[in-house]
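Dear colleague,

Please find below the structure that I am handing over to you. My notes on selected residues follow it.

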Amino acid sequence: MRAVTISGQHGPGKLSLGDEIAPAPRTGEVIVQVAAAGVNRADLLQRAGKYPPPEGAPPWPGLEVSGTVVQVGPGVSSRRVGDQVVALLEGGGYAELVAARETQTLPVPAGIDLVDAAALPEAVCTAWTNLVDTARLQPGEHVLVHGGSGGVGSIAVQLARALGAHVVATAGGPERTASVRDLGAHAVVDHRREDLVDAVRDATGGHGADVVLDVLGGAALPANVRALAHGGRLVVIGLQQGRKGELDLNALMAKRAWVTGTTLRSRTASEKAALVAAVGQHVWPMVEDGRLRPVVHARLPLAEAEEALRTLEDGEAFGKVLLLP
Ligand SMILES: NC(=O)c1ccc[n+]([C@@H]2O[C@H](COP(=O)([O-])OP(=O)(O)OC[C@H]3O[C@@H](n4cnc5c(N)ncnc54)[C@H](OP(=O)(O)O)[C@@H]3O)[C@@H](O)[C@H]2O)c1
């Protein structure tokens, strides 16, 4: 089969399309013929040699796909050959075929195009687990979604809105700001020209954000803490502005607020299975009735994986970039 591999052991790697041995299903796995693979920022880190895949996963990138089941392994009970599915992967999605744990697959939601469905697994699982499991977002609360224009943020905005929250998001520039409003954000802060704390205060009638979903990390920490409401919860899921930042513990204590962070990739198979099941139960109905849709910036052929990563790296993408074998 064809797959996009990373060459170069030292310094930034280069992606190239080549022939690899097709995967065989292990117990509990299905083989998916890939219709599309979602491109993620983690793939940029993996190409740079800074995000090694876990043991047993293929060495090439790709954390999510949509496609058709072409083979089932021993012990698989809920998926059959011919099923159209999405899958959350440990890696290896940039290929024609990939092995996925049955428990990390879901049927393609009714009414969603098979290719576009590849934009869902990673972003929906990330948005759900952080907004609901971790931050315990409640209807009527104010949530600040950083990067409402991004792959994760474009889904988080829609999900938070569907959960009944008042959604404030950030985006860079007037066009992206307008597009995030179209996704359902009640207010959008242009981070290129507005002060975050003032803008959040205005957008929430002086209350502040009960929940902040942050993709920036270090340098954004002080402003994020200032933007929190009393009892606010700040969940860091991305480190685009660094691993370290200054935390004003006095502000945290005075607000009885808390700060935490999570990653998807480090979770165990059973944790991922539980998350995927929860997404199937709670979020798939929202996709099927139109409250939440995949946001696709571009569909590119697998051979253009370098260009796909560049689009993400340069901040051009609005929503997800997909690679098609
Ligand atoms: N922890 C996890 O489990 C998990 C899972 C998935 C992703 N992530 C991480 O989450 C982050 C976002 O992923 P993604 O797929 O959404 O990436 P993406 O599609 O490239 O989006 C990046 C977002 O960051 C925003 N941004 C950049 N600079 C900003 C600034 N100064 N202020 C506010 N927003 C800014 C961009 O907004 P504009 O372009 O409009 O400026 C854009 O919306 C990445 O770091 C990724 O690694 C973590």
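Leaving aside its neighbours within four places in sequence, which residues is Thr129 in contact with? Before the reply, please note that this is a predicted model.

With those neighbours set aside, the contacts of Thr129 are Thr134, Leu264, Arg267 and Leu275. Thr129 itself belongs to helix H2, which covers residues 121-134. Its relative accessibility is 2%, and because buried means under 20%, Thr129 counts as buried.

Pro139 presents another case. This residue is found in the loop between H2 and strand E8 (142-145). Pro139 has a relative accessibility of 59% and therefore counts as exposed, the cut-off for that class being over 50%. Once neighbours within four places in sequence are left out, Pro139 is in contact with Leu163, Gly164 and Ala165. For Ala165, a separation can also be given: its C-alpha atom and that of Pro139 are 4.8 Å apart, although the two residues are 26 residues apart along the chain.

Leu247, Leu249, Met253 and Val259 together make a nonpolar surface patch of about 360 Å². One of these residues, Val259, is located in strand E13, which runs over residues 258-261. Val259 has a relative accessible area of 30%, so this residue is classed as partly exposed, a class that lies between the buried and exposed cut-offs.

Yours sincerely

Methods
Residues numbered from 1 in each chain as written. Predicted model: local features only at pLDDT ≥ 70, side-chain atom pairs only at ≥ 80, totals over all residues. Heavy atoms only, no water. Helix = DSSP H or I, 4+ residues; strand = E, 2+ residues; numbered from the N terminus. Buried < 20%, exposed > 50% of the residue type's maximum accessible area, 1.4 Å probe, protein only. Contact = heavy atoms within 4.5 Å. Patch = residues over 30% accessible without salt bridge, like charges linked within 9 Å, V, L, I, M, F, W, Y side chains within 5 Å. Areas by Shrake-Rupley, 256 points an atom, 1.4 Å probe, with all protein chains shown as cover. Salt bridge = Lys/Arg side-chain N within 4 Å of Asp/Glu carboxyl O.
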